[in-house]
Amino acid sequence: MSGEWLGLTGSLLAGVLTLVTLSYIFGDHPVFRIALNLFIGAAAGYAGALVVQDVLLPQLVFPLVELASGVTPSIDGLELGIRLGLTLLLLTKLSPRTARLGNPASAILVGVGAALAIAGALQGTLLPQINASATIFDVSNFDLALQGGYYGESLSIILQGMLTLLAIASTLAYFHFGARGRGKQAPQRNILVDVLAWAGSVFIAITLATLFSGVLLAAMGALTERLDFLYTLFTQWVAR
């Protein structure tokens, strides 16, 4: 089969799978489930192939082959033994009878993954957000704008800083659940905390709406791309 026909077959298959996926708008049906299973299977197979190619072969199999063939492996012997031991322990998870033996390796895997996720969230999201929030309260920009006679810009810096401070304080107050009881009355929060929490709920709603609109825009972009693909495929097929 030539490359042209192979490409055409792939495009037709992609078009059919796109139409089957879009047919979910009329409800769930067996053909849609087949397409969904194909997508999950292809994604899982691709991820598994990447793990074998980028992790298992260079990090474990190739060093073991080098060691078996008498060549000095590129990895220290102790480290190679630890990798081999953890891999064998993970393989015991395949059987319910020996699954307990794989718990230490699973715990290390989950712990390292959680630590990397937390560190990534701190370095990639939380600390940059704190730095960006602190930059708003930098008075040097306000002084420069005031000295330059840009009174409108200096007023904008003040309002932006006050709005940011209100958003941070009110959002933190929204998640403050401490309350103090008086006599037989039910525990109630301080009135100031209640007001700040209400303002925080407004900021949280705006944030969630922004995130939802971003997701909706991404979905609309994907839908537009698929419709354009179907239109292009149809026009090319008619032109033949």
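How many salt bridges does the count come to by the rule that a side-chain nitrogen of Lys or Arg lies within 4 Å of a carboxyl oxygen of Asp or Glu? The count comes to three salt bridges. The model is a predicted one, in which local features need pLDDT of at least 70 and side-chain atom pairs count only at pLDDT 80 or more, while totals for chains, interfaces and linings use all residues. Residues are numbered from 1 along each chain as its sequence is written, and side-chain values use heavy atoms, with hydrogens and water left out.

One of the salt bridges joins Arg33 to Asp28, with 3.1 Å between the closest N and O atoms. Arg33 is partly exposed at 48% relative accessibility, and Asp28 is partly exposed at 44%; here buried stands for under 20% relative accessible area, exposed for over 50%, and partly exposed for values in between (1.4 Å probe, protein chains only). A further salt bridge links the side chains of Glu79 and Arg83, at 2.6 Å from N to O. These two residues sit in helix H3 (residues 77–91), and because they are four residues apart, about one helical turn separates them. Helices (H or I, at least four residues) are DSSP runs, as are strands (E, at least two), and both are numbered from the N terminus. Glu79 has a relative accessible area of 37% and is therefore partly exposed; for Arg83 the value is 23%, again partly exposed.

Arg226 takes part in a salt bridge with Glu225, where the closest N and O atoms are 3.0 Å apart. Arg226 also lies over the face of Phe229, at 4.4 Å from the ring centre. For such an arrangement, NZ of Lys or CZ of Arg must be within 6 Å of the ring centre and within 35 degrees of the ring normal. Arg226 is partly exposed at 27% relative accessibility, and Glu225 is partly exposed with a relative accessible area of 42%.

Turning to rings, a search of the whole structure finds two aromatic pairs. Rings of Phe, Tyr and Trp (its six-membered ring) pair if their centres lie within 6.5 Å, and planes under 30 degrees apart count as stacked, over 60 as edge-to-face and the rest as tilted. Tyr174 is partly exposed, at 34% relative accessibility.

The loop between helix H1 (3–22) and helix H2 (30–68) holds Ser23. Ser23 is buried because its relative accessible area is 18%. The side chain of Ser23 makes a polar contact of 2.8 Å with that of His29. A polar contact is a pair of N or O atoms within 3.5 Å; within protein, one must be able to donate a hydrogen and the other to accept it, and residues adjacent in sequence count only if both atoms are side-chain atoms.

Helix H2 also contains Leu36, which is partly exposed at 39% relative accessibility.
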